[in-house]
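Here is a short report on one protein chain.

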Amino acid sequence: RVLHRFRETVKACDLVVLASGTATLETALLGVPMVIVYIMNSFTYHLAKRLVRVPAIGMVNLIAGKTIMPELIQEEASSQAIFLKVQEILDSQEIYRYMKEELEKVRLNLGSSGASGKLAAEILNLMPE
């Protein structure tokens, strides 16, 4: 029921701001551009940064293999920075159109059935051996 409300709410938006996690993937599958934000304990962040080597934090960007949705992490995720990024996207038809096109590519890449298996395979491909 909560997932249904999430989908319904996101579908009504032109752009969403959300924390990194599975919500970014769900939002991507709905085709709604987003700004991904993530703030964690400073010590944990610096430790994780040393241990985990990934090119992005948002699942949608990991699947795309490049940053298609902006990520504001730690001190970059200030309210001012979030506002400016949202404004930049909504003021630019070119940026917005690019984001929509890239989300469609992600959706087509994952497909409609077996998306979780495909996602797991994509994530495993990113892991160092």
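## Helix packing

Helix α5 (residues 79-91) packs against helix α6 (residues 93-110) at an angle of about 90°, and their axes lie 5 Å apart. α5 is therefore roughly perpendicular to α6, a label that covers angles of 65 to 115 degrees. Axes are lines fitted to C-alpha atoms, for helices over the stretch in contact, and angles run from 0 to 180 degrees between N-to-C directions. On the α5 side, E88, I89 and D91 make the contact; on the α6 side, Q93, I95, Y96 and M99 do. Contact means heavy atoms within 4.5 Å. By class, this contact of α5 with α6 has 4 nonpolar, 1 polar and 2 charged residues. Here Ala, Val, Leu, Ile, Met, Phe, Trp, Tyr, Cys and Pro count as nonpolar, Asp, Glu, Lys and Arg as charged, and the others, Gly among them, as polar.

The model is predicted: local features need pLDDT of at least 70, side-chain atom pairs count only at pLDDT 80 or more, and totals for chains, interfaces and linings use all residues. Residues are numbered from 1 along each chain as its sequence is written, and side-chain values use heavy atoms, with hydrogens and water left out. Helices (H or I, at least four residues) and strands (E, at least two) are DSSP runs, numbered from the N terminus.

## Nonpolar core

The largest nonpolar core has 25 residues, of which M34, V60, M69 and L103 touch the most other members. Such a core is a set of buried Ala, Val, Leu, Ile, Met, Phe, Trp, Tyr and Cys residues joined through side-chain atoms within 4.5 Å. β1 (16-19), α2 (22-29), β2 (34-38), α4 (59-64), α5 and α6 each supply at least two residues of this core. Not counting residues up to four places away in sequence, V60 touches T24, A28, M34, I36, I68, M69, L103 and V106.

## Salt bridges

A salt bridge is a side-chain nitrogen of Lys or Arg within 4 Å of a carboxyl oxygen of Asp or Glu. By this rule there are 5 salt bridges. Among them are these:

| Pair | N to O distance |
|---|---|
| E26 and R7 | 2.4 Å |
| E102 and K66 | 3.5 Å |
| K105 and E102 | 3.0 Å |

E26 lies in helix α2 and R7 in helix α1 (residues 2-11), so their bridge ties together parts 19 residues apart in sequence. E26 is buried, at 17% relative accessible area. R7 is partly exposed, at 33%. Buried means under 20% relative accessible area, exposed over 50%, and partly exposed in between (1.4 Å probe, protein chains only).

E102 lies in helix α6 and K66 in the loop between α4 and β3, so this pair ties together parts 36 residues apart in sequence. E102 is buried at 6% relative accessibility, while K66 is partly exposed at 39%. K105 and E102 both lie in helix α6, 3 residues apart, about one turn of the helix. Through shared partners, salt bridges join K66, E102 and K105 into one network.

## Two loop residues

Q74 sits in the loop between β3 (71-73) and α5. Its phi is near 55°, a positive value in a residue other than glycine. Most residues other than glycine have a negative phi. Q74 counts as buried, at 9% relative accessibility.

D14 is in the loop between α1 and β1. D14 counts as exposed, at 53% relative accessibility. Leaving aside neighbours within four places in sequence, D14 is in contact with V32, P33, L90 and Y96. The C-alpha atoms of D14 and L90 are 8.3 Å apart, although 76 residues separate the two along the chain.

Conventions
Angles under 35 degrees count as roughly parallel, over 145 as roughly antiparallel, 65 to 115 as roughly perpendicular and the rest as oblique.
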